[in-house]
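Here's a structure to pick apart by question and answer.

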Amino acid sequence: MAILTAFSGLGGKAPAAFLLEIAGRRLLLDLGEGPRPGQRPDLEGIGPIDAIFLSHAHIDHVGAIDLWPGLGRPPVFATRATFDALPLLGLHLPPQACHDLPARGPARLLDLPVTVGRDGHALGGLWLHLPQEGGALYMGDWSRESEILPLDPPPPADLVITDLSYGDRDQPLAEQVQALADSITPSTVLPVPILGRGADMARHLSALGLSPVVCPQIRVEMQGALPALRVIATPSEARDGDVIIVADTERPGDLMSCLIADARGWRFVLTGHVAPGSAAAGLIADGRATRRNWNVHPRARDQIWLAGITRARHLVPAFGALDDAPDLAQALAGVWGTGRENS
Ligand SMILES: [Zn+2]
């Protein structure tokens, strides 16, 4: 069976960095930073790496890719959409390091035959399945609830690394949409990560008659849908009363930081993880932001579904702690019954 070493990403919200040793290869699965500012994996003693796989272009999965030269400059595998998004986050890889994977279907990672599929979480986001040694499946971040981003059901695998960001949470997104809409007052900003929930949010809020304004990045992510939505690139283009969906790149000078600094005093509704020490935490502390849920990770029922379709013998809960999800832990024990375990 394959050997998995979590350099980071177990036991709570932490940057992704997993070493998978399989079929004689040493593969680094993601190399993230955050969500706490400056939170980076400690790769001390990791040894030689044959290749890096990047699941999707969110900071907590790619933010430490600047460590690439110190890892022996191995080839990096991801979709073209993920590679193209790195510069938006202030990250850069030389073109010769970048090896494109398809959005779904059979592929090769080095000389290994693998299968990839869309993760339902991020534009260009992938899960990775390796059939060797009983099968290993890395889900990265994933969701079954996006209307715009489909999830391809993955194949069976003995070893499955899943996304436990939400622990026991089982509330459907459909219920959260109305609660978010109800919380929005004029002159509200809705920050979202790039390539993620922004397009879904624009569609849902538009359907409820809210006519949000979007930044140029979200406009691109909408892939031509709702062409009538107004686009703003600077705070001066925003009108009083606007409801603005803005991609937050967590970089100084981006539209989000300009809106925070704007004299008009915008209010913010946050729908993602709020890390201690982050700009989002500061907005809440200052009374300028509130929080609402908007699912972009699997619910408890989705974990049960995944355990069932993959027939996992070892289910590794990443980005959360099973101790914080007692109901799910009990439900999974029921799914297993005979001989399988979570590790
Ligand atoms: Zn993500």
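Predicted model: local features only at pLDDT ≥ 70, side-chain atom pairs only at ≥ 80, totals over all residues.

Q: How many Å separate the centres of domain 1 and domain 2?
A: The domain assignment makes domain 1 out of 3-168 + 297-342, and domain 2 out of 173-291. Taking the centres over C-alpha atoms, the separation comes to 27 Å.

Q: How many residues of domain 2 are in contact with domain 1?
A: On the domain 1 side, 21 residues take part. Those divide into 10 nonpolar, seven polar and four charged. Their counterparts in domain 2 number 17.

Q: Which strands are the edges of the six-stranded open sheet?
A: The strand order in this sheet is 1-2-3-4-5-6, and the pairing is mixed. From one strand to the next, the twist averages 25 degrees. An edge strand pairs on one side only, and that picks out strand 1 (3-8) and strand 6 (98-100).

Q: What is the bridge partner of Leu28 in strand 4?
A: Strand 3 (residues 25-29) and strand 4 (residues 51-53) run parallel, with three bridges joining them. For Leu28, the partner in strand 4 is Ile52.

Q: Is Asp30 buried or exposed?
A: Asp30 is in the loop between strand 3 and strand 4, and its phi is positive, near 70 degrees. A residue is buried if 20 or more other C-beta atoms lie within 10 Å of its own. Asp30 has 29 other C-beta atoms within 10 Å, so it counts as buried.

Q: Where is Glu250?
A: Glu250 is not a glycine, yet its phi is positive at about 60 degrees. With 21 other C-beta atoms within 10 Å, Glu250 is buried. Its place is in the loop between strand 14 and helix 6 (255-261).

Q: How many of the 10 residues of helix 4 are buried?
A: Helix 4 covers residues 198-207. Its buried residues are Gly198, Ala199, Asp200, Met201, Ala202, His204 and Leu205. They pack against helix 3 (173-183), strand 12 (188-192), strand 13 (213-214), helix 5 (216-221) and strand 14 (243-247). Helix 4 is mostly covered, and the count is seven.

Q: What is the bridge partner of Pro191 in strand 14?
A: The open sheet of five strands has the order 13-14-12-15-16, with parallel pairing. Its edges are strand 13 and strand 16 (289-291). Strand 12 and strand 14 are joined by five bridges. In strand 14, the partner of Pro191 is Val246.

Q: What angle does the direction of helix 4 make with that of strand 14?
A: Helix 4 packs on the sheet and touches strand 12, strand 13 and strand 14. With the direction of strand 14, the direction of helix 4 makes about 165 degrees.

Terms used: Residues numbered from 1 in each chain as written. Domains from an automatic or database assignment. Contact = placed C-beta atoms within 7 Å. Nonpolar A, V, L, I, M, F, W, Y, C, P; charged D, E, K, R; others polar. Pairing = 2+ DSSP bridges. Helix = DSSP H or I, 4+ residues; strand = E, 2+ residues; numbered from the N terminus. Axes fitted to C-alpha atoms, helices over the stretch in contact; angles between N-to-C directions. Buried ≥ 20, exposed ≤ 12 C-beta atoms within 10 Å, placed from the backbone.
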